[in-house]
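Please keep the structure in view while reading.

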Amino acid sequence: MTQHRLPIYIFVAMVAGIVVGAIAHYAYGPEAAASLGGYLAILSDVFLRLIKMIIAPLVFATLVGGIAGMGDGNAVGRVGLKAMGWFVAASIVSLLLGLAMANLTLPGKGMHLPLPAADAVTSLKTSSLNLRDFIAHVFPKSIVEAMAANEILQIVVFSLFFGIALGRLKEGAGQPLLQSVEGLGQVMLKLTGAVMMFAPAGVFGAVSAVIATQGLGVLLVYGKLLGSVYLSLAILWALMIGAGYAFLGRRVFALLREIREPLLLGFATASSESAYPKVMAQLTRFGIRERIVSFVLPLGYSFNLDGSIMYTSFAALFVGQVYGIELSLMQQVTMLLVLLVTSKGIAGVPRASLVVVAAVLPMFGLPEAGILLVLGIDHVLDMGRTATNVLGNALATAVVAHSEGGFDARSDPSDVPTAGNVGYH
């Protein structure tokens, strides 16, 4: 099985799961169908464990490598600060939009699937997280303990400190360690791809188990989910282009024309990384100096996945709606803060946002098994998310370049805004 054929296999598995689940639901009694669904769910349980297996090392390696690779010096610090400011602002807007649209469209309302028995005993907690406990829990007592328990926030905090310290040593004694961390990141990305090879089996198990228990009526929610997510992405595009226009003026439309091809490539492959070389080439062609492109764009690919970030908050609330679990306003605000941190450092590979959602759901008493309900159509959702990620990073790079006077002289002076700082020749 290849990555290019994986979406086809996932779709086939989803259809097969629908057929098998429907036969079980309508040909046998409720008890027999529920029993068969339990056995079919073993496949989804195995896949879920494989996903959880890669969370801790993937977050650690990508986040440390991204921070340590930011470099040193006043110019790099200034550009990095501007880029991170844009990334954080875009992330907050994306998360707020996802929460708002999930509450407005209610794509999972009405399903009320029964909670998994194991989660009902060990994971579900009705009490909301308070600020004191949340802040105290962020900081790890032991990184080994945090990784063993998949405490994603504690891993992120340790990675931040570790990455900053490693960045200061990377030109000397820290260079071999940095190379090892970057190598670990590459290995984890390969492992992620290998784990996704089991996705069709996980999808088959999840879909067939749900259909066997609930019947075909459960499928109606998928159409509403797709429409709600793509409507949310369209609104996010409008907001991002509007923000770009505020800085770049009419030139933002020229930028959109330049990046049409990488946008289509990212949409077709559902992988931001597949579009990366073309985005870099088109931004340089657009007139942005190569040194700014080569610094801001890779940083954005680790920290600025606007479409994926929006989907994390949307998907988390969707899972809650599916199982009839209502989250209070305070819980949703806390979830926004958690997702704001945990979404940083995840590379733009297919279905990376599902890794974040799977890590965050248990923190709010939501069954992580719920994420498998959307995995069958996640490739279609991921296509829109990926195109949004590509657009967001291209706009971020152009805006930072504008603030640094980082357009080449060959750019059209009538369209390119001027800036006070001139550098990065």
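Of the contacts in the protein chain that link residues at least 6 apart in sequence, 84% join residues at least 24 apart. The model is a predicted one, and its protein chain contains 19 helices and 0 strands. Buried residues account for 53% of the 425 residues. The chain exposes about 18,400 Å², of which carbon and sulfur atoms supply 67%. One nonpolar surface patch, of about 680 Å², is formed by Ile 8, Phe 11, Val 12, Val 15, Val 19, Ile 23 and Tyr 28; Ile 23 belongs to helix 1 (residues 6-27).

Thr 105 lies in helix 3 (residues 74-105), and a polar atom of its side chain is 2.6 Å from the backbone oxygen of Met 101. Beyond its neighbours within four places in sequence, Thr 105 touches Lys 224, Ser 228 and Phe 314. The C-alpha atoms of Thr 105 and Leu 231 are 9.9 Å apart, although 126 residues separate the two in sequence.

Helix 15 (residues 306-322) has 17 residues, which at 1.5 Å a residue should span 24 Å; the 24 Å between its end C-alpha atoms agrees with this. Because 17 of its 17 residues are buried, helix 15 is largely enclosed by the rest of the structure. After helix 15 comes Gly 324, with a positive phi near 70°.

Helix 11 (residues 251-258) is mostly covered, with 6 of its 8 residues buried; Glu 258 is among them. Side chains of opposite charge can pair when their charged atoms come close. The structure holds 4 salt bridges. In one of them, Glu 258 pairs with Arg 285, with 3.1 Å between the closest N and O atoms. Since Glu 258 is in helix 11 and Arg 285 in helix 13 (residues 272-286), the pair ties together parts 27 residues apart in sequence. Arg 285 is exposed, at 56% relative accessible area.

A salt bridge also joins Glu 261 and Lys 278, at 3.8 Å from N to O. Glu 261 lies in helix 12 (residues 260-269) and Lys 278 in helix 13, so this pair connects parts 17 residues apart in sequence. Glu 261 is exposed at 51% relative accessibility, whereas Lys 278 is partly exposed at 28%.

Arg 385 and Asp 382 form a further salt bridge, their closest N and O atoms being 3.0 Å apart. Both lie in helix 19 (residues 378-403), where a spacing of 3 residues separates them by about one helical turn. Arg 385 is buried at 0% relative accessibility, and Asp 382 is buried at 3%.

Note on methods: Residues numbered from 1 in each chain as written. Predicted model: local features only at pLDDT ≥ 70, side-chain atom pairs only at ≥ 80, totals over all residues. Heavy atoms only, no water. Helix = DSSP H or I, 4+ residues; strand = E, 2+ residues; numbered from the N terminus. Contact = heavy atoms within 4.5 Å. Polar contact = N/O pair within 3.5 Å; in protein donor to acceptor, adjacent residues only side chain to side chain. Expected span 1.5 Å × (residues − 1). Buried < 20%, exposed > 50% of the residue type's maximum accessible area, 1.4 Å probe, protein only. Areas by Shrake-Rupley, 256 points an atom, 1.4 Å probe, with all protein chains shown as cover. Patch = residues over 30% accessible without salt bridge, like charges linked within 9 Å, V, L, I, M, F, W, Y side chains within 5 Å. Salt bridge = Lys/Arg side-chain N within 4 Å of Asp/Glu carboxyl O.
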